[in-house]
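User: Hi! Could you walk me through some strand pairing in this structure?

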Amino acid sequence: MLRYIIRRLIQAVGVLILVSILVFFLVRLIPGDPIRLLLGEDLSPTVEQQLIQKWGLDAPLYEQYFLWMFNIVQGDFGQSIRTQEQIASLIGSRILPTMMLSAGAMLIAVCVGIPAGVVAAYKAKTGWDHIAMFFALIGLCVPHFWLALLLMLAFSLNLGWFPVSGYTSPFVDPVGALRHLILPCLALGIGLAASISRMTRSTMLDVLSQDYIRTARAKGLSERVTVFGHALKNAMLPTITVIGLQLGFLLGGAVVIEELFSYPGIGQLLIFAISNRDYPLVQSVVLVFASVFVMINLLVDISYAYFDPRIRYE
Amino acid sequence: MSGPKLQRLFERYQQGKISRRTFLNGAMALGMTATTAMLLAGCDDPDDLDADDDDIAAVEPDDEDDAVDDDDEVEDEPDDPDDVDDEVDDDAMVINLGVAEEPPDLDPHNLTAAAAGLIGFVAMPGLVWLDFDLGLSPMIAEDWESDDEGLVWTFTLRENLVFHNGKPCDANEVVRNFENIMDPESGSMLTPDFEQVESVEAIDDRTIEFRLSEPFAPFLAVLSHRCAITDMDDYDTTTPVGCGPFKIVSWDRGSQVTLERHDEYWEDDLPHAARVNWRFLPDADVRLTSMRAEEIDITYSVPDHMLEDLMEAGDFEINPISGLTHQYLAFNCSEGHFADVRMRKAVAHAIDKEAILEAALWGNGQISNIPHPPESPWYVEIPDYERDLDRARELMEEAGYGDGFSLDMPIPDWTPSSEVAEIVQADLAEIGIDLRIVQTEWATYWPDIYLQSDFEFTFMGYSARVDPDQTFYPRYHSEGVHNATVYENEELDELLERGRVTIDEDERKEIYDRVQEILVDELPWLWLYIPNVTMGWANYVEGFQQHPAYHVYLKDVRVES
């Protein structure tokens, strides 16, 4: 197991180097110019020249790349062109809100999605199944930004339970942080719950018709142990894969929700970086995303061994 | 108990309007001993006060004079805001402002983003400001004069100017700011505006003298344009200090900037509010929902399509006023079909500006053929091209394009460019011009298409600077840095050069009247309309005034809850 993990980690470094090369050159291939965007209407050739030199954008590309990598290896992400702040602190301040948002949304999705899927499969083709799948279908169809606006209208404006938007740090005010977190988590989590419940239902249906479930029932195991101990555990593999992938997307893909709730997540930061062609910032954020993705995939793979002991990775 | 101020303070404390800590701070600042104050406040156990000791010590030496002058300050906030964060007074007034855009940074001498400028104006005012009537009024300079040739400008600073960090702001400090702005190494966007300035010197503590190499009429206007004065020893690009009525306390990126009252602001009894939450809410619907939920008190730009309903509903105050931005069609004057002025005029005769305004802004603006609204001192009445398709076809015929042609029209990705482009497309189809609209992301459009003049015909917008030189010179002088339409006209060049160095107001007005006549006649740009400034504020907000350049000034604002 340990050897497997080490091998995967070494592979991960390779992936990250590849990502770094790709993002470095791709972001420069898109048309646009960070300095001219920065200066906007106050453009002047002398200032422009100065800023190009200041940010080293006049050096040959390979030189810029190696300098960037050289600094990254030493833990120095450099400075953002647009905000002039240290990129490490820009990303650092966004990581926690994003993780809370993703974790909260995923928690809602798992807590709702998996039980709903199990019930739907166990009571397949009954009213329970239809109700669960009806809501799942709605959950899948409703765009999350629209859902977000509805949630705001219902829970903030009419009921006044939660603030419309904004963010509070959990270190300053844990209750306030939670109140700010619930609506965006719901807006993101409901759609996810729908896809997780459908996934769980279909794999559960498959597993429940397997011979070993019949055997389990035949030897007199209780329904509870049969369904949760044997069937669910085996049905979890594909669901876990979906959860892992979705978690990866959530970390960077919640931009719309972040914007709507003016929630300072990292997706917002990436959009900001791209639309300003803030090269160093784009590169660093993408690299961080890639690392998180690689790590989540690794964790998903390791969790397989728990759910399916036949997988041993040796 | 001595003195009416102390009496009032005590009453407010008894009524529970101010906290014990605030009462103690205030009482001590008014000269009462710590023991008496504590007895009054009803703490018999001195240990009770452990947490407050620092505040008391901090208030006593520095704030005594101010406190006696003005008890409001004492009541609402002691010396250090950090110490009272967890104990805000009951009557502490908080303004929640919802704006659309978050600035990338708050670099005092590089407030390149409009969103940064807004916060800059509140926290780090410059020598002069662009007032609500588009005039230039005293800000941290209370007075100024220039010699007859406009070569020597002398500014007198207000008395008692103090930075948010407690350091006095004197002439030397202001001079250091301008030295940095003028230093080509600083990379400040303002540097080119000060090319004419030869030297800047502090004559005494409150007097600053600029010497110019040649007369430069827009000098005052330049000083009002995001030209922030900060403490050069404390130069910071996220929470910079200035002398404004509110100081920037913190910036939660992606969420809000928090400002608090500057106790040593130069105007007595101002600002009213103790705190401003400057919130970034990019989505207009969310801003409106937040207004209705009373989470924000003042909102930036109300969506035009909802304007009528909102004004009818009367949930909050909305009162559109003329603005400074303007939107236009631009032609490439050196290449392609529109290098011939007759073709530009054909377009002018073919389009329906009223329909465009309706489509773009639901009518919330005014059509225009120059960049100045009638309220502006630089407005001049020039007859506009009438919609006349026959005349348009004739002009096309004369220019040799009688059979029509097809053309790409690149436009930026912000609203309402596609709405405008579609109406223009329909209008021009009637005279045989077949437009293909190509919408491009701003980050590509601005540097690679617009600034490179990589278009024959396009739609753009611009927020005008207050001085016509700043609006016209960079865009229409043949050497101008923004001359994206590649327009060249010797008479215009000569006028623009003369406009810069002419100090006499009337003479300048004549020059720019002529400039605008030429531009309307020659049409490098075809101005369409001037959008209104449309903010919304709650009924319980008092003292708020909209600014034609969308600046937000909050010192006079009261929020009654």
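Analyst: Happy to! One definition to start: two strands count as paired if DSSP finds at least two bridges between them. Please keep in mind that this is a predicted model.

User: Thanks! In β18(B), which residue is the bridge partner of B:Thr325?

Analyst: Let's begin with the strands. β14(B) and β18 (residues 457-463) of chain B pair in the antiparallel sense, over 7 bridges. Within β18(B), B:Thr325 has as its bridge partner B:Ser463.

User: And which residue in β19(B) stands opposite B:Gln327?

Analyst: β14(B) is also joined to strand β19 (residues 525-533) of chain B, running antiparallel, by 4 bridges. In β19(B), the residue opposite B:Gln327 is B:Tyr529.

User: How many of the 7 residues of strand β14 of chain B are buried?

Analyst: Buried here means under 20% relative accessible area. Strand β14 (residues 325-331) of chain B is largely enclosed by the rest of the structure, because the buried residues number 6 of the 7.

User: Now the open sheet of 4 strands in chain B: which strands stand at the edges?

Analyst: The order is β4-β5-β7-β6 (chain B), with antiparallel pairing. Each edge strand has a single partner, so one side of it is left without a neighbour in the sheet; these strands of chain B are β4 (141-146) and β6 (197-204).

User: What angle does the direction of helix α7 of chain B make with that of β6(B)?

Analyst: Helix α7 (residues 171-182) of chain B packs on this sheet. The helix touches β5, β6 and β7 of chain B, and its direction makes with that of β6(B) an angle of about 170 degrees.

How values were computed:
Residues are numbered from 1 along each chain as its sequence is written. Chains are lettered from A and ligands numbered from 1 in the order in which they are written. This is a predicted model: local features need pLDDT of at least 70, side-chain atom pairs count only at pLDDT 80 or more; totals for chains, interfaces and linings use all residues. Side-chain values use heavy atoms; hydrogens and water are left out. Helices (H or I, at least four residues) and strands (E, at least two) are DSSP runs, numbered from the N terminus. Contact means heavy atoms within 4.5 Å. Axes are lines fitted to C-alpha atoms, for helices over the stretch in contact, and angles run from 0 to 180 degrees between N-to-C directions. Buried means under 20% relative accessible area, exposed over 50%, partly exposed in between (1.4 Å probe, protein chains only).
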